[in-house]
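Visitor: I have a chain open on my screen and would like to be taken through it. Where shall we begin?

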Amino acid sequence: MSYNIDKDMHYLQLLAQSFPTIAEASTEIINLQAILNLPKGTEHFLADIHGEHEAFQHVLKNASGNIKRKVNELYGNTLRETEIRELCSLIYYPEQKLELVKAKEEDINDWYHITIHQLVAICRDVSSKYTRSKVRKSLPEDFSYIIQELLHERTEDANKTAYVNVIIDTIISTGRADDFIIAISTVIQRLAIDQLHILGDIYDRGPGAHIIMDTLAHYHNWDITWGNHDILWMGACAGNDACICNVIRLSLRYANLTTLEDGYGINLVPLATFAMETYGDDPCKEFQPSLSGGAENIDEKTKRLTALMHKAIAVIQFKLEAQIFNRHPEWNMQGRELFSMIDYEKGTIHLDGKDYQLLSNHFPTINPDDPNSLTEEETVLMQKLHHSFMVSEKLRKHIRNILRHGCMYAVYNGNLLFHAAVPLNEDGTLREVEIYPGRRYSGKDLFHHTGMLIRSAFQSDTEANERQYAIDYFLYLWCGPESPLFDKSKMATFERYFINERETWHEEKGNYFRLRDNQAIAEKILDAFGIDDPNRHIINGHVPVHVASGENPIKAGGRLMVIDGGFSQAYHKETGIAGYTLVYHSRGFELVQHEPFTSTRDAILRGTDIKSTTQIVEMANHRMLVADTDRGDELRQQIADLQELLYAYRHGFIKESEGKK
């Protein structure tokens with residue numbers, strides 16, 4: 001094979017710095033060729049976590065049942081179901097489970113000996129698809145050498161039986177058994193999943209979005225396609241006051257202030273004071289916190305204050321949204337300036353050619369002649385809330401992490417990932433959406449440029465007018481009819497609060513949701529994003545799957561999988577389950593349907609797991625290897641580059657050096 005060495009010389013000289021000799025370049029080629037023939041790593045897909053940190057952490061720990069599946073494969077014929085459950089519980093929660101075991105086990109050393117052997121066997125199984133180098137990098141420093149020895153030596157080898165047993169006996173006799181069990185359980189959790197894909201909506205509803213973000217900060221390999229609720233918090237962090245109001249309103253609606261106050265240190269005392277002074281004699285019936293959130297756990301006095309704060313921030317939100325809609329007539333959203341459509345004397349609102357009686361006409365802060373302006377008190381309150389969001393270092397840190405690991409869409413191994421929708425015309429063709437004044441995009445270009453616009457809101461070198469537009473645009477992404485994160489005719493928040501007639505509540509879904517079960521449409525979308533893999537799929541979340549009504553999460557002839565995690569308790573009655581997660585391992589796709597998670601405490605005390613049903617979606621004709629993945633394409637390119645480097649060495653274009661210093 002001949003090469004155009006002159007053309008590639010600069011690159012080859014850089015590559016030679018990493019592989020300065022023929023021997024080192026050859027060794028790397030051998031290594032990469034070997035990796036190509038390892039089994040494909042397991043990918044884990046989650047969506048719509050909505051702050052339910054306990055369920056999220058449990059699903060991470062059990063890898064959507066992947067760990068239990070491996071334990072069953074190893075011990076299904078030798079351990080009882082209760083023993084398997086206890087062993088799995090130990091892997092998920094080693095610190096807490098060890099305390100319970102030590103309190104009841106009569107011969108703890110015997111238990112240690114048996115359990116460590118079992119954990120080593122499980123670790124050996126989950127690590128078998130990785131190189132020794134990758135496994136070594138995942139090991140804790142304290143036990144790295146010991147675990148490596150145990151993973152690569154077997155008691156079945158008579159010559160090594162005593163060696164292995166002495167290692168384990170010494171771990172126990174030196175008092176390190178607990179530490180070792182915790183360490184190897186963590187390694188099992190880590191190696192059970194090679195890559196975690198989150199398809200949006202970490203935030204809102206549940207109490208622990210900040211805990212989820214802290215967990216992800218230490219997770220070994222993850223990415224996120226941004227969801228509409230993530231965008232709302234990103235907009236709040238960027239300084240969009242309408243987004244700030246929406247974030248606070250949703251937290252109050254679900255009686256969940258933990259993330260705001262405890263997680264990010266947002267000071268809501270000014271809002272509480274303003275609400276009591278302004279709405280203290282208002283029943284605020286429409287603003288009682290949702291019983292499907294955390295309202296059942298709070299007392300009447302707190303519910304009352306929550307309702308007052310809820311109405312106060314909602315009224316300010318509708319005003320600020322209207323100001324932004326009025327600032328951007330190109331969005332065609334002036335029809336959502338609803339305070340301008342109210343007859344305050346009659347207590348009615350004129351919508352779609354019809355008058356509706358309002359459930360409440362108590363608006364002490366609204367001037368009918370200028371209904372979208374803030375009062376002086378509301379202005380001062382928003383300044384305080386804005387400041388509180390801007391100085392929250394932890395919020396900025398978490399949003400930076402979402403920006404670093406995320407984008408509007410992603411493509412992995414022939415799978416197109418996005419949160420909600422691809423805007424479509426009625427005939428299924430890609431719809432052009434204006435995201436900059438005068439600039440319209442569709443499909444892949446729309447997602448790309450939207451992502452670039454989002455990032456510009458956080459870049460200090462962005463021109464001032466462009467940055468302000470980007471900050472405003474977060475609101476359009478949250479509730480705009482053509483937003484790929486919303487794709488509905490309207491967000492009927494106002495109507496649900498103030499109008500009894502449910503016809504006004506209807507949010508007409510966009511064409512994507514109407515057409516997404518059509519395989520031809522799914523194929524066109526995949527084509528538009530340049531995905532030509534024969535086993536290609538679209539994977540998204542956003543809309544809960546109504547299993548109780550017979551809805552199937554597998555759509556478009558198997559081309560589309562909807563995996564709204566349904567983690568949020570608010571959805572459980574509506575869907576009948578706690579949603580889906582997806583596992584993609586070397587043998588194919590498994591869709592895991594979950595029942596609601598009880599609690600971490602139950603999982604530790606009684607060994608309860610999320611009850612899950614696994615549905616085989618698609619199995620490969622052969623066990624997929626790294627060679628069959630995107631990573632395989634990268635490795636083949638690296639091999640080709642190294643082979644060109646070898647050619648350059650052997651033909652004198654580049655001289656070998658003595659090696660890296």
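**Contacts and overall fold**

Guide: Of the contacts in the chain with a separation of 6 or more, 72% are between residues 24 or more positions apart. Please keep in mind that this is a predicted model.

Visitor: How many helices and strands are there in the chain?

Guide: The chain holds 27 helices and 17 strands.

Visitor: What share of the residues counts as buried?

Guide: Of the 661 residues, 56% count as buried. The chain exposes about 29200 Å², and carbon and sulfur atoms supply 47% of that area.

Visitor: Let us turn to β1. Which way do its residues point?

Guide: Strand β1 covers residues 43-46; Glu43 and Phe45 point one way, while His44 and Leu46 point the other way. All of these residues are buried.

Visitor: Which strands does β1 pair with, and in what sense?

Guide: With β2 (residues 195-198) the pairing is parallel, over 4 bridges, and with β15 (residues 580-585) it is antiparallel, over 3 bridges. In β2, Gln195 is the bridge partner of Glu43; in β15, Val583 is the bridge partner of His44.

Visitor: What is the strand order in the open sheet of 5 strands?

Guide: The order is β8-β9-β12-β14-β13, and the pairing is mixed. β8 (409-412) and β13 (554-555) are at the edges, each with a single partner strand, so one side of each has no neighbour in the sheet.

Visitor: Which helix packs on that sheet?

Guide: Helix α24 (residues 519-528) packs on the sheet and touches β9 (415-418) and β12 (537-540). The direction of α24 makes about 90° with that of β12.

Visitor: Back to β13: how does it pair with β14?

Guide: β13 and β14 (residues 560-562) pair in the antiparallel sense over 2 bridges. Lys555 stands opposite Leu560 in β14.

Visitor: Why does Ala255 count as partly exposed?

Guide: Its relative accessibility is 22%, and buried means under 20%, exposed over 50%, so a value in between is called partly exposed.

Visitor: How far apart are Ala255 and Ala457?

Guide: They are 202 residues apart in sequence and 30 Å apart in space, C-alpha to C-alpha.

How values were computed: Residues are numbered from 1 along each chain as its sequence is written. This is a predicted model: local features need pLDDT of at least 70, side-chain atom pairs count only at pLDDT 80 or more; totals for chains, interfaces and linings use all residues. Side-chain values use heavy atoms; hydrogens and water are left out. Buried means under 20% relative accessible area, exposed over 50%, partly exposed in between (1.4 Å probe, protein chains only). Two strands pair if DSSP finds at least two bridges between them. Contact means heavy atoms within 4.5 Å. Axes are lines fitted to C-alpha atoms, for helices over the stretch in contact, and angles run from 0 to 180 degrees between N-to-C directions. Accessible areas come from the Shrake-Rupley method with a 1.4 Å probe; for residues, only the protein chains shown count as cover.
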